[in-house]
Amino acid sequence: MTSRDQILSLFRRNPGAFVSGQEISQTLNISRAAVWKQVESLRQAGFDIEAQRSRGYRLLGGPDRLLADEILHGLDVRKVGKSIICLEETDSTNARARQLGEDGVADGTVIIADRQSAGRGRLGRRWESPTGVNLYTSILLRPLIPVQQAPQLTFLSAVAVAESLSQLYQLPARVKWPNDVLVNGRKIAGLLNEMNAETEQVHFVILGVGVNLNMTGEQFPEELNYPATSVFLETGEKVDRVLFIRTFLEKLDGFYTEFIADGFVPIRRRWEALCELMNARVRIDQQQGALQGTVVGLDNDGALRLQLDDGRVERVLAGDVKPA
Ligand code: BTN
């Protein structure tokens, strides 16, 4: 963390209060003159900081930047989020996570960006990633599982996002196969998982998670090919991103621990209970043609189980699911 970020994090831990120059200089182990320089540079970056000779400095407002220290403060996790890297801007957190994974960072490392210049969606699409409003994160996991089981991890992040949205904002969040989270039929979050593996063995899996939190209507691109929403659009209120991130990471950490101990079945059941089109008749458009049937659940490798009209159950590995 830079000195600037450390000062910001000190301010945010003492909302509305003055922090003395001496306390800052001792905590950061820098001179009082260096503190003043850092405060000036924060002001130049748009932060409104009041200075009083006898009391010190206090933060009155500024851009809503995510800081690792602030998220880590009081975070109760075993693996996921033990180490967090926050970036002001990157091309794609999934790309950063892949690089860090190759460099050997630990199981459960979380990469978060305030803005992505080349956010990636599924099927080569773009993921709209404006500054300071949403969550763009990639979680690097190193489970000891064979390659065929890696897709199971997608469902952990889908359930963690959906449960966080319903717990914090009472939103009726549902999951949609393979990796969307919806509220009132509109997409609020998308997941993009990638893997680094060799023959049979997984080296690491990257869970890419984008959640629309404070995005306004104008920030969505006009040409989106699906209906989308954000927590702000659903509730009319801006949310505390740090609180959302903490809740999400604690849930994901719990599911990951459970997954390592007990396998896929518990998370599969949770996902099925939240599934938007469970027991519904659907149509799935695939390259080889369309399939119609009733969704009856998930298979152990993450395939969707679809009961066809003749009673046979087909395993669907890819495709867009729509109500029939
Ligand atoms: C989709 O629904 O198409 C998947 C969207 C995934 C977006 C997230 S944002 C964080 C991570 N980094 C990326 O470049 N993409 C994922």
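Which polar side-chain atom lies 2.5 Å from an oxygen atom of the ligand? I found that it belongs to Lys 187. I count a polar contact as a pair of N or O atoms within 3.5 Å; within protein, one must be able to donate a hydrogen and the other to accept it, and residues adjacent in sequence count only if both atoms are side-chain atoms.

**Ground rules.** I am working with a predicted model, where local features need pLDDT of at least 70, side-chain atom pairs count only at pLDDT 80 or more, and totals for chains, interfaces and linings use all residues. Residues are numbered from 1 along each chain as its sequence is written, and side-chain values use heavy atoms, with hydrogens and water left out.

A backbone N or O atom of Arg 122 is 2.6 Å from a ligand oxygen atom, and for Arg 120 the corresponding distance is 2.7 Å. I also looked up the area: the ligand alone exposes 420 Å², and the protein buries 99% of that (Shrake-Rupley method, 1.4 Å probe; for residues, only the protein chains shown count as cover).

**Ligand shell.** I listed 20 residues around the ligand, with Ser 92, Gln 116, Arg 120, Arg 122 and Lys 187 coming nearest (near means that a heavy atom of the residue lies within 4 Å). By class I get 5 nonpolar, 11 polar and 4 charged residues. Here Ala, Val, Leu, Ile, Met, Phe, Trp, Tyr, Cys and Pro count as nonpolar, Asp, Glu, Lys and Arg as charged, and the others, Gly among them, as polar. Strand E8 gives the most to this shell, with 4 residues (helices, H or I, of at least four residues and strands, E, of at least two are DSSP runs, numbered from the N terminus).

**Largest pocket.** Where does the ligand sit? I found it in the largest pocket, sitting there meaning that more than half of its atoms lie within 2 Å of the pocket's grid points. My search used a 1 Å grid over the protein atoms alone: a cavity is a set of points where a 1.4 Å probe fits but cannot get out, a pocket is an open set with protein on both sides within 12 Å along at least five of seven lines, and lining residues have an atom within 4 Å of a point. About 900 Å³ of space lies in this pocket (points are joined across faces, edges and corners, and a volume is the space filled by probe spheres set on them). Of its 41 lining residues, the closest to the centre are Arg 125, Asp 180, Lys 187, Asn 225 and Tyr 226. The lining has 16 nonpolar, 13 polar and 12 charged residues.

**Second largest pocket.** I noted a volume of about 540 Å³. Its 23 lining residues include Pro 151, Thr 154, Pro 178, Asn 179 and Leu 317, which lie nearest its centre. E8 supplies the largest share of the lining, 5 residues. The classes are 14 nonpolar, 5 polar and 4 charged.

**Cavity.** How many cavities of 30 Å³ or more does a search of the whole structure find? I got 1. The largest cavity holds about 50 Å³ of space, and Trp 177, Trp 271 and Cys 275 are among the residues lining it. That lining has 8 nonpolar, no polar and 2 charged residues.

Most residues other than glycine have a negative phi, and most peptide bonds are trans. I marked a cis peptide bond between Trp 177 and Pro 178, with omega about 0°. Pro 178 is in the loop between strand E6 (173-176) and E7. Asn 29, not a glycine, has a positive phi of about 60°, and I placed it in the loop between helix H2 (21-28) and helix H3 (32-44).
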